[in-house]
Amino acid sequence: YNSLKDRFELVFKFPDEILPNNSFPVSYSFIDTHNRIWLCTQDYFYLYDTGTEKIIRLENNLKENINSVAQQDSIHFFLGTDNGIHYGELNGTDLLILPQHKLNCVSVHVNELFYNHPTRQLFIGTFQKGVFIYDLKKDQCEQPSTSLSDISIHRFRLLDNDHILIATDGA
């Protein structure tokens, strides 16, 4: 965004050899801590490095739409899909899906993921199943006993060290 001109500027366009028909069904976009823009599709992850202006195309071995991404550290990511959560490690030009059996607690449509670094907890917002919390220190996943168990969660935001805001569908 160019605030002096009050307009957006195109800084990147996919080359025609990557997208010959300009058809690009992006299911999710995300900016990681290395300022790479992730454009997620059912077949690939396109990582655009804003510093070098280069793009890396990674195979999406899950073959699922990505609905949310949360970054744990410089190379580990949680990936929310229509069917649950996967744990990945970015290794150069590969995104390796690692087994994390406790994440199988949520085999539902994931809308939103939020990783709280200080507590090492992953907050999982689902479609009409409420909130789940995966505690990495305990390697345990549970659903809090709240009145949010039958509604859709759309967003988590950290308010302060002790509170997280949760946006729902209003139900």
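Me: How many bridges join β13 to β14, and which way do they run?
Reply: Six bridges join β13 to β14, residues 163–168, and the two run antiparallel. Strands here are DSSP runs of E, at least two residues, numbered from the N terminus. Two strands pair if DSSP finds at least two bridges between them.

Me: What is this model, and how are residues numbered?
Reply: The model is predicted, so local features need pLDDT of at least 70 and side-chain atom pairs count only at pLDDT 80 or more, while totals for chains, interfaces and linings use all residues. Residues are numbered from 1 along each chain as its sequence is written, and side-chain values use heavy atoms, with hydrogens and water left out.

Me: Back to that pair. How many residues sit between β13 and β14?
Reply: Two residues lie between them, and the strands form a hairpin. D160 stands opposite H163 in β14.

Me: Which strands make up the open sheet, and in what order?
Reply: There are four, in the order β5-β6-β7-β8, with antiparallel pairing.

Me: Which ones are at the edges?
Reply: β5 (66–71) and β8 (94–98). Each has a single partner strand, so one side of each is left without a neighbour in the sheet.

Me: How are neighbouring strands turned against each other?
Reply: By 35° on average, direction ignored. Axes are lines fitted to C-alpha atoms, for helices over the stretch in contact, and angles run from 0 to 180 degrees between N-to-C directions.

Me: What joins β7 to β8?
Reply: Five bridges, with β7 covering residues 84–91 and the two strands antiparallel. E89 stands opposite L96 in β8.

Me: Switching to rings. How many aromatic pairs are there?
Reply: A search of the whole structure finds 10. Rings of Phe, Tyr and Trp (its six-membered ring) pair if their centres lie within 6.5 Å; planes under 30 degrees apart count as stacked, over 60 as edge-to-face and the rest as tilted. One of the pairs is F30 with W38, edge-to-face, at 6.1 Å centre to centre and 80° between the planes.

Me: Are F30 and W38 buried or exposed?
Reply: F30 is buried at 14% relative accessible area, and W38 is buried at 0%. Buried means under 20% relative accessible area, exposed over 50%, partly exposed in between (1.4 Å probe, protein chains only).

Me: Why is the F123 and F156 pair called tilted?
Reply: Their ring planes are at 55°, so the pair is tilted; the centres are 6.0 Å apart. The pair links distant parts of the chain, with F123 in β10 (residues 121–126) and F156 in β13 (residues 153–160), 33 residues apart. F123 is buried at 11%, and F156 is buried at 0%.

Me: Which residues do ring pairs link into a cluster?
Reply: F30, W38, F45 and F77.

Me: Now the loop between β1 and β2. What does D32 touch there?
Reply: D32 lies in that loop. Neighbours within four places in sequence aside, D32 is in contact with W38, Q71 and F77. Contact means heavy atoms within 4.5 Å.

Me: Is D32 buried or exposed?
Reply: Buried, at 4% relative accessibility.

Me: And T33, buried or exposed?
Reply: T33 is exposed, at 62% relative accessible area. T33 is found in the loop between β1 (28–31) and β2 (36–40). T33 and D73 are 40 residues apart in sequence and 8.5 Å apart in space, C-alpha to C-alpha.
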